[in-house]
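Visitor: I would like to learn how to read a model like this one. Please start with its surface.

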Amino acid sequence: MQLHDVWFVLIAVLWIGYFFLEGFDFGIGVLTKLLARNTAERRVLINTIGPVWDGNEVWLLTAGGATFAAFPDWYATLFSGFYLPLLVILVCLIIRGVAFEYRAKRSDERWQRNWEHAIFWTSLLPAFLWGVAFANIVHGVAIDAHKNYVGGVLDLLNPYALLGGLVTLVLFTFHGAVFASLKTVGEIRDRSRAMALRLGLATAVLALGFLVWTQVHQGTGWSLAALLVAVLALVASLAANQLGREGWAFTFSGLTIVAAVAMLFLSLFPDVMPSTLNGSWSLTVENAASSPYTLKLMTVIAAVFTPLVLLYQAWTYWVFRKRIGVQHIPAAHTAGH
């Protein structure tokens, strides 16, 4: 296996890790409106991700930086062609971070409600737009002989991409509902499990259609195996959720995301951005990669620092592993309760 192949796999792992972690993160943000019934319950949901949401976003920064260094042509074409949707995602992530920090600065009900609206929309939009972006990457876009994207913004809003956006939005919200049932106690825990069942069934319909479409269009034997794992994991997650085994339900909902995203990358390889204008103009792991020396240096750095990051993040989740409920929210923070 060549170094550029290794780095394609590593970048796929980074995106899988990002969607696994930020998936339930976005899902919790969406559920602050769909699941919580009052200010105290919204605070409970926000507190379930309060210690970890910013650490989850490190995976996005690492994935973007690794793409820039390992595949500069891929990075340039992707970020210039998808400039508007990626800008919307960036702005949402900035506002979302501010909303988490500023919501509790005042006990005024209107102040908190406005920031809660911000958390909801800045979770929903990126969850949808990431699906649109990756669906376009896999399906192919208009790339010319000079490796430039020559399509328009509306070209990115094709039926396949819109379905991909719906899949990630519903799947992440399902993942968030399972996480909420794992991290909460009391009535909100019971409602989280009921919500997870409804969202899981919706995910099954949408995701199966999207993944089968992907497999038929450009699938391989490996991508078919990943599709089957995703389907079985989703079924197992729903079964575990019904049995009240939240830990297993979360494990399998996470495996659903891992297998689904892995399937997209397996369908994509050896391309990194297919061209719909001419197959020979597609960006591949070979023609979009950096020099062998750059890839070798990056490999050494990644081998040293990646385990440290994983250990630190695992320790963070261990420290904040306990469940919480409305009884843990101070009265001063329950305006409107």
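Guide: The accessible surface of the protein is about 15,300 Å², and carbon and sulfur atoms hold 70% of that area. Areas come from the Shrake-Rupley method with a 1.4 Å probe, and for residues only the protein chains shown count as cover. This is a predicted model, where local features need pLDDT of at least 70, side-chain atom pairs count only at pLDDT 80 or more, and totals for chains, interfaces and linings use all residues. Residues are numbered from 1 along each chain as its sequence is written, and side-chain values use heavy atoms, leaving out hydrogens and water.

Visitor: Which residues touch the most other members of the largest nonpolar core?

Guide: In soluble globular proteins, nonpolar side chains tend to be buried together. A nonpolar core is a set of buried Ala, Val, Leu, Ile, Met, Phe, Trp, Tyr and Cys residues joined through side-chain atoms within 4.5 Å. In the largest one, of 81 residues, they are Trp15 and Trp130. Helix 1 (residues 3-34) contributes the most to this core, 15 residues; helices are DSSP runs of H or I, at least four residues, numbered from the N terminus. Another core of 17 residues lies apart from it, including Val138 and Leu211.

Visitor: What does Trp130 touch?

Guide: Contact means heavy atoms within 4.5 Å. Leaving aside residues up to four places away in sequence, Trp130 touches Trp15, Tyr18, Phe19, Phe26, Leu60, Leu86 and Ile89.

Note on methods. Buried < 20%, exposed > 50% of the residue type's maximum accessible area, 1.4 Å probe, protein only. Helix = DSSP H or I, 4+ residues; strand = E, 2+ residues; numbered from the N terminus.
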